[in-house]
Protein chains: 2
Amino acid sequence: MTHLNLLVGGPTSQWPDQLTAGKVSGDWIGADRGTLRLLKLGITPLVAIGDFDSLTADELKRVKGAVADIRQAKPEKDETDTQLAVTVALHEFHYDRLDIYGATGGRLDHFLANLWMVLEPRYRKFAPHIRFIDKQNTITFYVPGAYEITKEPDKKYLAFVTMEPVNNLTLPDEKYNLKNANVTRPISYASNEFIGETNHFSFDSGMVAVIQSKD
Amino acid sequence: MTHLNLLVGGPTSQWPDQLTAGKVSGDWIGADRGTLRLLKLGITPLVAIGDFDSLTADELKRVKGAVADIRQAKPEKDETDTQLAVTVALHEFHYDRLDIYGATGGRLDHFLANLWMVLEPRYRKFAPHIRFIDKQNTITFYVPGAYEITKEPDKKYLAFVTMEPVNNLTLPDEKYNLKNANVTRPISYASNEFIGETNHFSFDSGMVAVIQSKD
């Protein structure tokens, strides 16, 4: 399985340790301030995307000197830097998975825009290939079906999040179970836990996010 | 206008400076670890609520010695400590506003559960009285109507967040405008800004959150 990483501009305090240490494997795309942060980690992204309005002239010069493929957008655009970067990542590159870092913490309007991006018609079919990763959380997305999920060794908690109305949500073998629940609004079923290393869940309509987290 | 404060157990790194300094005025309720943190700030909450499963025996003893009204819940309950606390705050106390601290940052399953609580039928009518406050964000909630909103002096950004489908969302006088938008899914219209000190918005159905934030 091949994966592409994307770093957007959220606070570095939310990065997982592996990223802070510059040890996340794979190719990178940088969005806005994320590009500069990648360069500081010694990582040159394949593409740098954004309006770069948060960078000083010197910082922008450094980005332009280092990255071969720069896509500079107008500051007063309709799309966020994250949307622009995800579009490039999904349409121009062919990886099995897109791992997004820097999309959480800090401004909550940004986090919610990032989270709900997967509900946009243009990104919806890609949702199962997208992960958001930070210091305490991994978020993955599922379209209707039946799934086996595997516990991440460093995470204690498991949550099922209905991103929109969901029918027949069944959690058969987790610590807390649900059977054919019809969920009419977004709910975060938080603080569930794995029993063993793998568990299962299924649903018939809508989109579900699974969050593995730790304190 | 009278207000009640609620401190839940999210990371203290997300607290606004005023809270860290123990200078938020008004009465308090503590949920789970929030109670202990209030005591450490020199604040004795009116009520302490939760399963207290994150406290040591000594910490729980301190809480029980200090707070007159303790509502201890079973750890394996269906409701979160935040839900229990909000229920007590809204039903037993009669304040005009409930300001919730400690509900953001850290575990995202917790944050989403906290955010979406206002969509529960039992809390819905109280939503306009609830605020979430952290270091960089203030979140307020609106039911259908026409509103004037006032810029918080320390915040730069303004976001309109459709918590569910919303009809005729109009932003007439902000930096970026919308006219009678029918929004069919949750969207965070992020990074808008006030023009002047007060602006307006209106919508006909659903619920909208307004987030004022800063970098």
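The buried residues of helix α2 of chain A are A:Gly34, A:Thr35, A:Leu36, A:Arg37, A:Leu38 and A:Leu39, where buried means under 20% relative accessible area, exposed over 50% and partly exposed in between, with a 1.4 Å probe and protein chains only. Six of the eight residues of this helix (residues 33-40) are buried, so α2(A) is largely enclosed by the rest of the structure. This is a predicted model, in which local features need pLDDT of at least 70 and side-chain atom pairs count only at pLDDT 80 or more, while totals for chains, interfaces and linings use all residues. Residues are numbered from 1 along each chain as its sequence is written, chains are lettered from A and ligands numbered from 1 in the order in which they are written, and side-chain values use heavy atoms, with hydrogens and water left out.

What covers the buried residues of α2(A) includes β1 (3-7), β2 (27-31), β3 (47-50) and α3 (57-66) of chain A; helices (H or I, at least four residues) and strands (E, at least two) are DSSP runs, numbered from the N terminus, and contact means heavy atoms within 4.5 Å. The helix α2(A) lies across β1, β2 and β3 of chain A and runs at about 135° to β2(A). For such values, axes are lines fitted to C-alpha atoms, for helices over the stretch in contact, and angles run from 0 to 180 degrees between N-to-C directions. The axes of α2(A) and α3(A) come within 10 Å and cross at roughly 70°. That makes α2(A) roughly perpendicular to α3(A), on a scale where angles under 35 degrees count as roughly parallel, over 145 as roughly antiparallel, 65 to 115 as roughly perpendicular and the rest as oblique. The contact is made by A:Arg33, A:Thr35, A:Leu36, A:Leu39 and A:Lys40 of α2(A) and by A:Glu59, A:Arg62, A:Val63 and A:Ala66 of α3(A). Just after α2(A), A:Gly42 takes a positive phi of about 85°.

The strands under discussion belong to an open sheet of 10 strands in chain A, with the order β4-β3-β2-β1-β5-β6-β7-β14-β9-β12 and mixed pairing; two strands pair if DSSP finds at least two bridges between them. At the edges stand β4 (69-72) and β12 (187-192) of chain A, each with a single partner strand, so one side of each is left without a neighbour in the sheet. Neighbouring strands of this sheet are turned by 20° against each other on average, direction ignored. Within chain A, β6 (residues 130-133) and β7 (residues 137-142) pair in the antiparallel sense over three bridges, and the bridge partner of A:Ile133 in β7(A) is A:Thr138.

Chain B also has an open sheet, in which 10 strands follow the order β4-β3-β2-β1-β5-β6-β7-β14-β9-β12 with mixed pairing. Its edge strands are β4 (69-72) and β12 (187-192) of chain B, each pairing on one side only.

The two chains are brought together by looking at helix α5 (residues 108-116) in each, for the axes of α5(A) and α5(B) come within 13 Å and cross at roughly 100°. That makes α5(A) roughly perpendicular to α5(B). Here A:Leu108, A:Phe111, A:Leu112, A:Leu115 and A:Trp116 meet B:Leu108, B:Phe111, B:Leu112, B:Leu115 and B:Trp116. The helix α5(B) is mostly covered, with eight of its nine residues buried.
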